[in-house]
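Here is a friendly briefing to read alongside the sequence and the model. Take a look at the structure first, then walk through the points below.

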Amino acid sequence: MSKRSFLLITAVGILLAAVPVWAHHAFSAEFDSSKPLKLRGTVTQWELVNPHSWIHMDVKNADGTVTSWMIEVGSPNSLFRLGFTKSSLPPGTEILVDGYQAKDGANLAVGKNLTFPDGRRLFLGGSAGDVKDGSAGDPKK
Amino acid sequence: MRHFAFAAAVAVICALVWLTSVPAAGQSAQSGKAYTPAHTPDGQPDLQGFWTNNTITPMERPKGLGAKEFYTEEELNDLIKHEKNRVALNEEEGRPTEPGTDADVHYDFSQFGLDRGQTKEVWNRRTSLIIGSEGTIPTMLPEARKRNAAIAAMNRGHEFDGPENRPLSARCIVLGQESIPMLPGGYNNNLEIVQSKGYVAIMHEMNHSVRIIPTDGSPHPPAAIREWRGDSRGHWEGNSLVIDVANFDPRNPFRGSGAKLHVVERFTPVDKDTMLYRFTVEDPETWDKPWTGELAWSRVEGPIYEFACNEGNYGLRNTLHGARVAEEAAAKKAANK
């Protein structure tokens with residue numbers, strides 16, 4: 001392995017290690033890792049609140065009855081900056097949720113992945129441009 | 001999807017505008033002379049506007065880099081390329097976690113615009129935020145280790161007793177990136193500075209909190225008065241805003257700090273779109289010496305959006321209710337034995 005690759009891998013390893021602490025709370029305290037679920041239903045409401053927004057959806061059961069679920073998803077600030085608004089997810093939209101149920105057994109889940117029936121992901125923003133800050137990193141100065 | 005196309009178009013335009021190299025500390029790009037910022041009507045250097053401090057430079061130097069304080073330009077470009085490739089993948093492809101584990105219980109950050117690579121990142125050649133040949137936080141003193149272990153032991157087994165036992169961030173009281181020193185978190189690393197005569201105010205989008213910093217020469221309040229983010233008193237040194245922060249509430253520690261935490265921050269504009277943020281941390285009851293870090297703030301488009309954390313914090317209620325249900329189930333099981 002070249003020295004350059006080693007440096008890169010080392011630095012990237014540090015970044016990856018930081019991932020689980022991004023949320024403002026530990027999801028594993030609220031949702032149960034032993035209760036994975038997949039839901040298919042229609043959106044009835046998208047509560048655009050912080051710190052996490054919540055999608056309300058109706059899921060049709062095998063016996064024809066309907067169960068309402070609430071799905072915890074991302075902070076609205078970030079989605080709004082990427083061009084997503086309340087009208088991006090109107091009531092009646094059919095979605096699939098892949099997530100984990102709440103520890104109290106209620107019809108609440110964390111929406112790990114949300115997709116449309118054709119497989120497209122529900123929200124997927126692009127990455128914005130960056131700036132190189134030579135000021136703090138130039139040893140010659 | 002129309003919105004995706006719109007977001008992608010915005011991203012491309014932003015990339016063209018932002019992908020520029022900025023000059024060295026205090027020097028303008030063209031002339032190499034010290035940069036002189038505009039001034040407010042009452043004569044302060046004008047730092048006002050919207051900023052981001054979003055960076056992936058780690059606090060401590062990655063192991064294996066030794067005393068290497070700076071990447072070469074080539075190495076930096078490799079890192080940027082790697083980061084862009086990572087962002088192009090979604091969470092599942094780029095950072096798979098084992099199904100059925102606690103680590104898997106989260107949502108796909110990239111899907112919700114919460115991956116820090118989806119917003120403007122400020123890059124520089126530093127291998128760590130901490131400056132100097134060591135690049136690491138100094139050794140923690142034995143008494144500080146003991147103190148922190150005792151604090152952790154006190155809550156052990158009581159983590160879910162009530163809201164007071166939950167972390168400050170889960171209660172929306174104070175989040176990591178709004179604390180002092182001001183370091184970026186995973187998302188919403190957006191800030192606004194407003195100045196008036198004798199005051200500088202810094203608002204952080206994450207938790208929508210405002211630091212009000214008197215620059216009128218007034219002293220810190222008596223030591224008995226403690227604040228989650230300490231008490232800030234500023235003054236101007238040339239074009240730099242220097243803030244002395246003391247009176248921290250030790251219940252919101254910084255990297256294991258105690259009641260004697262003292263931070264000095266220095267904001268220095270280096271061109272019209274960039275400011276250097278340098279912080280020095282000391283706590284004689286926690287580390288064997290002071291330590292200093294540096295990162296840049298870069299201008300972004302406003303406005304700052306609301307972050308009414310408590311209004312929608314269903315997560316706290318759900319977490320505590322989950323614990324009550326588990327207790328009930330355990331009690332029933334014990335009774336049936």
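In chain B, B:Asp231 stands opposite B:Ala246 in strand β8, and that pair is a handy place to start. Strands here are DSSP runs of E with at least two residues, helices are DSSP runs of H or I with at least four residues, and both are numbered from the N terminus. Two strands pair if DSSP finds at least two bridges between them. This is a predicted model, in which local features need pLDDT of at least 70 and side-chain atom pairs count only at pLDDT 80 or more, while totals for chains, interfaces and linings use all residues. Residues are numbered from 1 along each chain as its sequence is written, with chains lettered from A and ligands numbered from 1 in the order in which they are written.

**Chain B overall**

- Chain B holds five helices and 11 strands.
- Of its 337 residues, 36% are buried; a residue is buried if 20 or more other C-beta atoms lie within 10 Å of its own, exposed if 12 or fewer, and partly exposed in between, with C-beta atoms placed from the backbone.
- Among the contacts in chain B with a separation of 6 or more, 61% join residues 24 or more positions apart; two residues are in contact if their C-beta atoms, placed from the backbone, lie within 7 Å.

**The open sheet of chain B**

- Nine strands form an open sheet with antiparallel pairing, in the order β6-β5-β4-β2-β11-β10-β9-β8-β7.
- Strands β6 (209–214) and β7 (231–237) of chain B stand at the edges with a single partner strand each, so one side of each has no neighbour in the sheet.
- On average, neighbouring strands of this sheet are turned by 25° against each other, direction ignored; the axes are lines fitted to C-alpha atoms, for helices over the stretch in contact, and angles run from 0 to 180 degrees between N-to-C directions.

- Seven bridges link β7(B) and β8(B) in the antiparallel sense.
- Two residues lie between these strands in their hairpin, where B:Gly238 takes a positive phi near 60°.
- Strand β8(B) has a covered face made of B:Leu241, B:Ile243 and B:Val245, and an uncovered one made of B:Ser240, B:Val242, B:Asp244 and B:Ala246.
- Strands β8 (residues 240–246) and β9 (residues 262–271) of chain B pair antiparallel over five bridges.
- In β9(B), B:Glu265 is the bridge partner of B:Ile243, and B:Val264 stands opposite B:Asp244.
- Strand β9(B) is mostly covered, with seven of its 10 residues buried.
- Nine bridges join β9(B) to the antiparallel strand β10 (residues 274–282) of chain B, and the two form a hairpin with two residues between them.
- B:Phe279 in β10(B) stands opposite B:Glu265.

**The largest nonpolar core**

- A nonpolar core is a set of buried Ala, Val, Leu, Ile, Met, Phe, Trp, Tyr and Cys residues joined through C-beta atoms within 7 Å.
- The largest one has 35 residues, and those with the most contacts inside it are B:Trp51, B:Ile193, B:Val263, B:Met275, B:Tyr277 and B:Ala296.
- Its largest share, five residues, comes from β10(B).
- Leaving out residues up to four places away in sequence, B:Met275 touches several residues, including B:Leu47, B:Trp51, B:Phe267 and B:Trp297.

**B:Trp297**

- B:Trp297 lies in strand β11 (residues 291–299) of chain B.
- Why does B:Trp297 count as buried? It is buried because 25 other C-beta atoms lie within 10 Å.
- The C-alpha atoms of B:Trp297 and B:Pro269 are separated by 9.1 Å, although these residues are 28 residues apart along the chain.

**Helix α4 of chain B**

- Helix α4 (residues 142–155) of chain B has 14 residues and reaches 21 Å from its first C-alpha to its last, close to the expected 20 Å; that expected span is 1.5 Å times one less than the number of residues.
- The helix α4(B) is hardly covered, with one buried residue among its 14 residues.
- Just after α4(B), B:Gly157 takes a positive phi of about 85°.

**The barrel of chain A**

- Five strands of chain A run β1-β2-β3-β5-β4 in a closed barrel with mixed pairing.
- Strands β1 (residues 31–47) and β2 (residues 54–60) of chain A run antiparallel and are joined by five bridges.
- The bridge partner of A:Thr42 in β2(A) is A:Asp58.
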